[in-house]
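Work through the exercises below with the sequence and the model open. Each task is followed by a solution in steps.

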Amino acid sequence: MRIAIMGAGGRMGRTLARLVHERDGCELAGGIEVEGSPALGQDIGTLAGIGEIGISVEDDPLHLFTRIDGVLDFTTPQSSVACVELAAQARIVHVVGTTGFDADQDKKFDAASRHARIIKSGNMSLGVNLLAALVKKVAAALDPSFDIEVLEMHHRAKVDAPSGTALLLGNAAADGRGVDLDETAVRSRDGITGARRDGDIGFATLRGGSVVGEHSVIFAGPSERITLSHMAESREIFAHGAVTAALWGFDRKPGLYSMSDVLGLEDITA
């Protein structure tokens, strides 16, 4: 499978390129960066630390997408939305690990999925998606007297909050309870807030240092508390998941898929 990397000059882009190169069944076929990036024109293999492979990073995704089977995209919401429209034209696999989309941007992926095979997730790791499946199961099993709180921490440079993973977990909890997260989420508390409302799903965000990602979902009930947690120790877990998703999507029908589909977690959440 010929795979290209969006944001090839960034830390995640370089990790993705290296893992595509190392993975059986994959060929590193190109890289994209924005105009003005110092990575433009450089050999993508050199950037990824695997040695020169004769493929330069470019800034024209439309031209590149005619020569590949899939693209891995951990960039920005604006870039990913533009990318998915081109992926739909080229009818390729688009793996989206970008977070921070608004509702209008999410609709673009729904439209593009009529032609492209899109795998989109707030987190690409096996562990986090297994955690989400367990959160949904626990939320469905516990009675409403258990309050649900989602706690996350990331490195100081992360620009969106709550994280895409925190929202993934919040949605899993809401699905387990049969409620709408948009109607039950509490994303900040400050001042005299009053008592906690029954049924709220709270979010707390921490930022600092070089933390790759830590997430916990707390079910706090009368006289007892259950905590489900995941700690990411390397960005490679997200890259491994993204490459796995691309290979899984290669022979699928057009559609909008999640990592739950890729990993076959439906039985856990049923």
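The exercises cover cysteines, aromatic rings and charged side chains in this predicted model.

**Exercise 1. Cysteines**

Determine how many disulfides the structure holds, and state whether Cys26 is buried or exposed.

Solution. 
- Step 1. The bond in question is a covalent one between the sulfur atoms of two cysteines.
- Step 2. The count of disulfides in the structure is zero.
- Step 3. For Cys26, the nearest cysteine sulfur belongs to Cys83 and is 17 Å away. A disulfide requires the two sulfur atoms to be within 2.5 Å, and Cys26 is in no disulfide.
- Step 4. Cys83 is likewise in no disulfide, its nearest cysteine sulfur being that of Cys26.
- Step 5. Buried means under 20% relative accessible area. Cys26 has 15% relative accessibility, so Cys26 counts as buried. Cys83 has 3% and therefore counts as buried.

**Exercise 2. Aromatic pairs**

Find how many aromatic pairs there are, and classify the pair formed by Phe101 and Phe109.

Solution. 
- Step 1. Two values describe such a pair: the distance of the ring centres and the angle of the planes.
- Step 2. The count is two aromatic pairs.
- Step 3. The ring centres of Phe101 and Phe109 are 5.0 Å apart, with the planes at 75°. Planes over 60 degrees apart count as edge-to-face, so Phe101 and Phe109 form an edge-to-face pair.
- Step 4. Phe101 is buried at 17% relative accessibility, and Phe109 is buried at 1%.
- Step 5. Between Trp248 and Tyr257 the centres are 5.1 Å apart and the planes stand at 85°, so this pair is edge-to-face. Trp248 and Tyr257 are both buried.

**Exercise 3. Lys120 and its partners**

Identify the ring that the charged end of Lys120 sits over, and the residue with which Lys120 forms a salt bridge.

Solution. 
- Step 1. The ring is that of Phe109, and the charged end of Lys120 is 5.3 Å from the ring centre.
- Step 2. The salt-bridge partner of Lys120 is Asp106, with the closest N and O atoms 2.9 Å apart.
- Step 3. Asp106 is partly exposed at 29% relative accessible area, and Lys120 is partly exposed at 23%.

**Exercise 4. Other salt bridges**

State how many salt bridges the whole structure has, and which parts the pair of Glu152 and Arg207 ties together.

Solution. 
- Step 1. Side chains of opposite charge can pair when their charged atoms come close.
- Step 2. A search of the whole structure gives 11 salt bridges.
- Step 3. One of them joins Glu152 and Arg207, at 2.7 Å from N to O. Glu152 is in strand 7 (residues 147-154) and Arg207 is in strand 9 (residues 201-207), so the pair ties together parts 55 residues apart in sequence.
- Step 4. Glu152 is buried, with a relative accessible area of 1%, whereas Arg207 is partly exposed at 28%.
- Step 5. Arg67 is partly exposed at 34% relative accessibility, and Glu58 is buried at 19%.

Note on methods. Residues numbered from 1 in each chain as written. Predicted model: local features only at pLDDT ≥ 70, side-chain atom pairs only at ≥ 80, totals over all residues. Heavy atoms only, no water. Buried < 20%, exposed > 50% of the residue type's maximum accessible area, 1.4 Å probe, protein only. Phe/Tyr/Trp six-rings, centres within 6.5 Å; stacked < 30°, edge-to-face > 60°. Lys NZ or Arg CZ within 6 Å of the ring centre and 35° of its normal. Salt bridge = Lys/Arg side-chain N within 4 Å of Asp/Glu carboxyl O. Helix = DSSP H or I, 4+ residues; strand = E, 2+ residues; numbered from the N terminus.
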